[in-house]
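Take a look at the chain below.

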Amino acid sequence: MTPLVDKIGGQLLKMSGRELLQVDPLLQDYVGVVESRWEDFKHMLSYISDDLGGFDSISNYVDYGFYIEVDDARYSLNQLSDLDDICKDVATYKDRIHLVYREWAENAMFLSIVGDFNFWDKAAHPGVNKGYGIWECRIPFYINQELNMLHCPIHHKAKFKIFMVTRDKNEEIYRMPQRTLYAVHNHERCQLEPLFYCHAADADARKRAELTRPYSFKSGNPQGLRKRVHRIYECHVGMSSTEPKINTYREFADVLLPIIKEKGYNVIQLMAIQEHSYYGSFGYQVTSFFAPSSRFGTPDDLKYLVDKAHEARIAVLLDLVHSHASKNVEDGIADWDGGTMFFYKEDHPLWDSKIFNYKNPETLRFLLQNVRWWLQEFKIDGFRFDGVMSLMYYHRSAGVGYTGRYGEYFDEPQSAVDVGGLTYLRLAHVLIKMIEQTEGRDILTIAEDVSGYPCMATSILDGGIGFDYRFQMAVPDLWINMMKNGFDTGLNDFESIDVKKITHTLTNRRWQEKHIVYCECHDQALVGDKTLSMWLLNENIYDQMSILHQANERTLRAVRLHKVIRLLTMGLGGEGYLTFFGNEFGHPEWIDFPRIGNNWSYHYCRRQWNLDYWGKDGQTTRYADLGRFDRDLMHLNACHEWNVEREYITRDDNEEKLIVFERKNLLFVCSLHPFNSDYEAIIPVRQQGTYRVIFHTNSVQYGGDGSGTTEGNELVTRNKMNKESNDLREDQWDRKMNGLQYYIKLWIKRQCGYVLEFSKGTVSIPDNIKSFKELFPEKSPSLES
């Protein structure tokens, strides 16, 4: 393992925390708390540097769990394939090469490894307490006479467990290793069981000359990730097949990755990768933090998926669960040695799970090693940190809401901030920065924080927490609340559609932090909830989505709004965009994991790709129309990357239910009006020139009727100060123009959206500028006021 480069540790120790005030001056009123929390971080940073050997040492995952030791040199299990010369030199290396198991078990009085290799004899291979609760089991390699070489004492995919006698209760217990690398389901016992995962330890394969080596990556990590606009496709490997089954890493890689690339997404965010005993937990009740879920294949199969993604220049993010852990004991890490270990005594008030104690140095070691493990062993490009709000507050997000008032985060003790959790997040980002500097690549992190904690997505070198992005979580709530208030049915639309609230929610994000915006979250796809397409279509989702017969008005309205909502969300919100896979084409079924209530069926735990534009039924469904729209919207973003600049709203009109905004060199026009007939709308703009229509939602290939404004139409700006070009009525001068001087007139249809590209220098500045009084000499006193 290449030692980590540390170019930032010294710099961070010199900082006071006040640097954050340069980013957000509103923190001045809480400067004492800001400094105190930074001091806690510096204290742990110094402790790691001075007493724990530094970040390279505390995050070195080879030093814990199983590893190979030759004299004093340590090698990971994957490196055993490279030690054949040593293993074949029996005379020289006999008694010098060992399989070592090292773990922290503070409450253990006795510890040993048991398994098929020693007939489950508890006394055969005991461990030695090395002090501070660290146990070490050393098992010498044996001489395999048939192969004439030294061989690993535990064979590839052999069953084994850790046996302990607890100090406090003198109780005999069996556990999976804390750093289990591979575990499979024992369906009779309904739990996971660890298997030893080391290719070079497969003696039978060696005899057959069929030994396979660990997977070797062929493609490097995508470079320059921070220069990209990220279009994230959130995926669950297990439910990614059209068939009612659990899909595999390799099938996902071979079948779906080319489609994802063609759809225009450049990042996949993988859910449910860390091993979890309960499939229906969506992967959020993690039992083995270092093991990829064996439901989908082996660790090498996951590496194949990551490698194929990198070959397609698609970045891979892992949904990282460090906010809590499953309460499972025999196949998890809860009560591992009979004591509290990594956790607080209290369980999570909402999730019935264990809460990490982030002030415990061994907890930090475990979690930091886990971060480095996924980044270096699997070449992951970054993480979505799940449940950050739960990680950061002692109330664990139970029954607490936030308005954004700074006192909610910095008034103490009312804020209930778990400073240890905050420090862990900063330490994780220090480690990530070191890996970036060592390997010369970008690693992305996204915070799932509902609370809105200030400077969450501010660089650690500026005193922030360190994330690259935070989720813009108010946006899906906005759309769902509108649905619940009747927007889905079209009832009382005129009163319920508040375009100013829509624009406020989409633009209300901390200006100095980057956000990932999305229309709907994966939880809405679960049985008992509803996605946007389910809200909009309701029962029509089943019998009105074929293009072979005329759809009713509600279906046509739903298709229009599904597209406009996505255009608005991606256009006006965030600096990046996320979609839960399948939702982009209005997937017609909820997700229902196999359970007793559905007779353990996988029928509703899949994705019906056959309905999308690339599926076998794609030529006959309106779902395919939505899929094509989303594909072309992603490609439009890839071409123009408007998210790199902030938005400017030129008109949000509740009378016309019209939203107009500029971003980069594009002009977006979106109508949400429920019943307006086609009309020529006044579109204020900041610059004069020509605007060309490059995209719109009413295209026939997107399920529209193709009438009205279409691609290629060009519109020349008019000047409200110019008598010759100005055709505004007196009452439209300010009410429609939002104080701007230039405008175009665009023929629009209800519940449709348009994107226009600005061209400079095509219109000269007129020399006959008029004042308002000259243009409207008979202006009434009421308007003058």
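This is a predicted model: local features need pLDDT of at least 70, side-chain atom pairs count only at pLDDT 80 or more; totals for chains, interfaces and linings use all residues.

The expected span of a helix is 1.5 Å times one less than its number of residues.

**Helix 9: length**
- Helix 9 covers residues 299-311, which makes 13 residues.
- At 1.5 Å a residue it should span 18 Å, and its end C-alpha atoms are 18 Å apart, so the two values agree.

- Helix 9 is mostly covered, with 11 of its 13 residues buried.
- Among the buried residues are Leu302, Tyr304, Leu305 and Val306.
- Charged residues are on that list too, including Asp300, Asp301, Lys303 and Asp307.
- The buried residues pack against two helices, helix 8 (249-263) and helix 10 (361-377).
- They also pack against strand 14 (267-271), strand 16 (288-292) and strand 17 (315-320).
- After helix 9 comes Arg313, which has a positive phi, near 60 degrees.

**The whole chain**
- The protein chain has 22 helices and 33 strands.
- Its radius of gyration is 30 Å, close to the 28 Å that the globule rule gives for 785 residues, so the chain is as compact as a globular protein of that length.
- Along the principal axes, the C-alpha atoms fill a box of roughly 105 × 65 × 45 Å.
- Of the 785 residues, 63% count as buried.
- Among contacts with a separation of 6 or more, 73% join residues 24 or more positions apart.

**Surface and charge**
- The chain exposes about 29900 Å², and carbon and sulfur atoms supply 49% of that area.
- There are 91 positive and 110 negative charges, and their mean positions lie 2 Å apart.

Terms used:
Residues are numbered from 1 along each chain as its sequence is written. Side-chain values use heavy atoms; hydrogens and water are left out. Helices (H or I, at least four residues) and strands (E, at least two) are DSSP runs, numbered from the N terminus. The radius of gyration is taken over C-alpha atoms; the globule rule is 2.2 Å times the number of residues to the power 0.38. Buried means under 20% relative accessible area, exposed over 50%, partly exposed in between (1.4 Å probe, protein chains only). Contact means heavy atoms within 4.5 Å. Accessible areas come from the Shrake-Rupley method with a 1.4 Å probe; for residues, only the protein chains shown count as cover. The place of a charge is taken as NZ of Lys, CZ of Arg, CG of Asp or CD of Glu.
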